[in-house]
Structure formats: C-alpha cells, structure tokens
Amino acid sequence: MSVVVGPQEQQQSEAEQSQVQRLNLAAESSQNAVQAQHLFVMRHGHRLDTADRKWRLTAERPFDTPITGVGEAAAYQRGKIHLRGKDIKLVLSSPFLRCLQTADQVARALQLPGISSTCNGMCEIMCTGSGIDSGVDRRSGNESSSSSAAGLPKFPDQEMVEKHKIRLLEEDTAPLPEAQETIDDARKRYNQTLRTLADKHWPHNLLVVTHEYGVIEAMALGRAKGEYEASYCGYVELCRSEEEREVWAVDHYVDVFQYESFF
C-alpha cells in the first residue's frame with residue numbers, strides 16, 4: 001500500500017533533513033577546527049602613590065601601593081567592555097596589591113568567582129630603588145615575615161587582601177625572585193612565566209594581571225617589533241594554535257603604545 005505525503009508533511013520532512021545536514025556539517029567543521037589559545041596580559045590600574053605623593057610617608061607598606069578608586073572603576077570597565085565574550089576561564093595575578101585589586105575587578109566584570117591564583121613569577125621587578133628589598137613593614141617597624149630566602153616582605157599581604165575584599169582563591173607557593181635583579185633578568189622571567197602558565201592551562205584562555213614590563217615582554221613574546229609602553233589597564237591579547245604551540249602572535253592590544261624614535 002502506498003502512502004501519499006501531503007505538501008505540508010513533505011516540507012517538514014525536507015526541513016528536518018536540512019537541519020540534520022547542517023548539524024552534521026557543523027560537527028565535521030568542529031572536528032576539523034584548529035584548537036587555539038588566547039593569553040591576555042594586562043597592566044594594573046592607576047597607582048595611588050602616583051596620585052597622592054604623600055601616601056608613602058605614612059603607608060604601612062610603602063612598596064606595595066594600592067590602586068585608586070579611578071583605577072578600580074577602570075579595571076571593572078576594561079573587563080566589562082573589552083574582555084566579556086573572550087571565554088576567559090582563569091584570572092591570574094602578580095601578588096602585589098595593585099595587581100590583585102585590578103584582577104579582582106576584572107574577575108567581577110567577567111562574573112568569575114575570583115582570582116584563580118597569584119603568580120609570583122609575574123611580580124614587580126626586584127631592583128634597587130623599588131623599596132621592596134628593604135623588607136620593612138611600618139606596622140611593626142621590623143622586617144616583614146619573609147616569603148623568600150632573600151628576606152623580602154611577604155606577598156600578598158593577607159591583611160590588605162581582607163581589607164580590600166579581594167577574592168583570592170589560591171596563593172602561589174613558589175619563592176619570589178631574588179632581590180637586585182636587572183630589567184633584562186625580569187623580562188626573561190616574565191617571558192618564561194607566561195609560557196609556563198599558558199602550557200599549564202592549555203587550551204583555556206587566560207588573563208594575567210601584572211606590571212608594565214610584563215606587558216612589554218608579552219608584546220615581544222608575540223613577535224611585535226619595536227619597543228612599547230603600557231598605560232594603566234593596558235593589555236595585549238596573544239594567540240597560538242595547536243599546530244604551532246611554540247609560536248605566539250599578537251592578536252590585538254589596547255592602550256599599549258610603540259615608542260617613536262626621533263633620532
């Protein structure tokens with residue numbers, strides 16, 4: 001016995017077949033797609049010690065400045081406007097207070113539970129003149145409890161984390177870099193740390209909040225030519241594919257500027 005299919009049933013059957021074909025093509029395309037990872041490297045927000053020159057005179061930890069209210073707002077807006085939709089899974093941060101505050105604001109904007117972890121390899125340059133190597137905490141007038149063999153103050157400072165309501169999920173237990181490192185030493189450290197973090201969390205997209213030279217070195221990692229400087233909350237987005245996991249490229253950058261030579 002033959003069954004007569006009406007126009008409506010025929011159209012429905014053709015629509016279902018077309019949908020199945022589209023799903024099969026999408027699945028095939030997904031299987032053939034090259035997996036990629038994006039690494040975002042951002043400078044912290046506006047420093048309080050540059051906005052208020054007298055702050056250092058009475059600060060408990062003059063070497064560990066917080067950010068300003070403007071800095072917090074800028075960090076949140078950076079996350080909300082520029083980084084939402086980037087599928088960032090983890091936010092990592094230098095253990096310095098200004099970076100932690102920045103990272104926490106971005107994490108809030110991205111609706112993430114908090115900063116996944118501190119990363120001591122992305123900390124400030126440990127050089128003479130930074131005040132870090134003195135290790136003096138004015139709350140006691142004595143050398144702070146050390147997190148490294150060099151007698152450096154402890155980072156992050158738990159009291160400051162609680163005071164600023166920073167949602168820090170985990171702390172890096174690796175030692176801080178030795179004091180008296182050069183800028184070149186620090187740039188090599190940033191480069192290696194970024195590579196290590198990306199490899200550890202492959203293929204997830206990451207945001208690392210750090211200091212200006214960390215962003216500058218990220219540009220170099222992405223094979224950008226020339227010398228750069230990064231404004232507060234400036235960032236660079238790097239990407240790499242599964243086929244060439246050792247090769248990074250700069251996808252784009254915001255508030256990072258190339259030096260112009262006038263000589």
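**View A. Four nonpolar, eight polar and four charged residues make up the lining of the largest pocket.** The model is predicted: local features need pLDDT of at least 70 and side-chain atom pairs pLDDT 80 or more, while totals for chains, interfaces and linings use all residues. Numbering runs from 1 along each chain as its sequence is written, and side-chain values use heavy atoms, without hydrogens or water. Nonpolar covers Ala, Val, Leu, Ile, Met, Phe, Trp, Tyr, Cys and Pro; charged covers Asp, Glu, Lys and Arg; the others, including Gly, are polar. The volume of the largest pocket is about 260 Å³. Of its 16 lining residues, Ser117, Thr118, Asp172, Leu197 and Lys200 are the closest to its centre. A pocket is an open set of points on a 1 Å grid over the protein atoms alone, where a 1.4 Å probe fits, with protein on both sides within 12 Å along at least five of seven lines; lining residues have an atom within 4 Å of a point. Volume is the space filled by probe spheres on the points, which are joined across faces, edges and corners. Strand E2 (88–93), strand E3 (117–118) and helix H7 (183–200) each give at least two residues to this lining. The largest share, five residues, is supplied by H7. Helices (H or I, at least four residues) and strands (E, at least two) are DSSP runs numbered from the N terminus.

**View B. The second largest pocket has a volume of about 180 Å³.** Its lining is formed by Leu48, Trp55, Thr58, Ala59, Glu60, Arg61, Asp64, Pro66, Leu97, Met160, Lys163 and His164. Helix H3 (55–58) and helix H6 (158–163) each contribute at least two residues to the lining of the second largest pocket. Sorted by class, this lining holds six nonpolar, two polar and four charged residues.

**View C. Asp64 sits in the loop between helix H3 (55–58) and helix H4 (69–83).** The relative accessible area of Asp64 is 3%, so this residue counts as buried; buried means under 20%, exposed over 50% and partly exposed in between, with a 1.4 Å probe and protein chains only. Apart from neighbours within four places in sequence, Asp64 is in contact with Trp55, Phe96, Leu97, Arg98 and Phe155; contact means heavy atoms within 4.5 Å. Asp64, Trp55 and Leu97 are also among the residues lining the second largest pocket.

**View D. Six strands form an open sheet of mixed pairing, in the order E3-E2-E6-E1-E7-E8.** E3 and E8 are the edge strands; each has a single partner strand, so one side of each lacks a neighbour in the sheet. Strands pair if DSSP finds at least two bridges between them. E2 and E3 are parallel and are joined by two bridges, with Leu92 opposite Ser117 in E3. Ser117 is also one of the residues closest to the centre of the largest pocket.

**View E. Strand E7 (residues 228–241) is largely enclosed by the rest of the structure, because ten of its 14 residues are buried.** Strand E1 (residues 36–43) runs antiparallel to E7 and is joined to it by seven bridges. Leu39 faces Leu238 in E7. E7 is also antiparallel to strand E8 (residues 249–258), over eight bridges. Here Glu229 has Phe257 in E8 as its bridge partner.

**View F. Seven of the ten residues of helix H8 (residues 212–221) are buried, leaving this helix mostly covered.** The buried residues of H8 are Gly214, Val215, Ile216, Glu217, Ala218, Met219 and Leu221. They pack against E1, H7, strand E6 (205–210), E7 and E8. After H8 comes Arg223, which has a positive phi near 65°.

**View G. His201 lies in the loop that joins H7 and E6.** With a relative accessible area of 16%, His201 is buried. Not counting residues up to four places away in sequence, His201 touches Gln37, Leu90, Leu92 and Leu206. Of these, Leu92 is the residue that stands opposite Ser117 in E3.

**View H. The whole protein has eight helices and eight strands.** Of its 263 residues, 44% count as buried. Among contacts between residues at least 6 apart in sequence, 75% join residues at least 24 apart.
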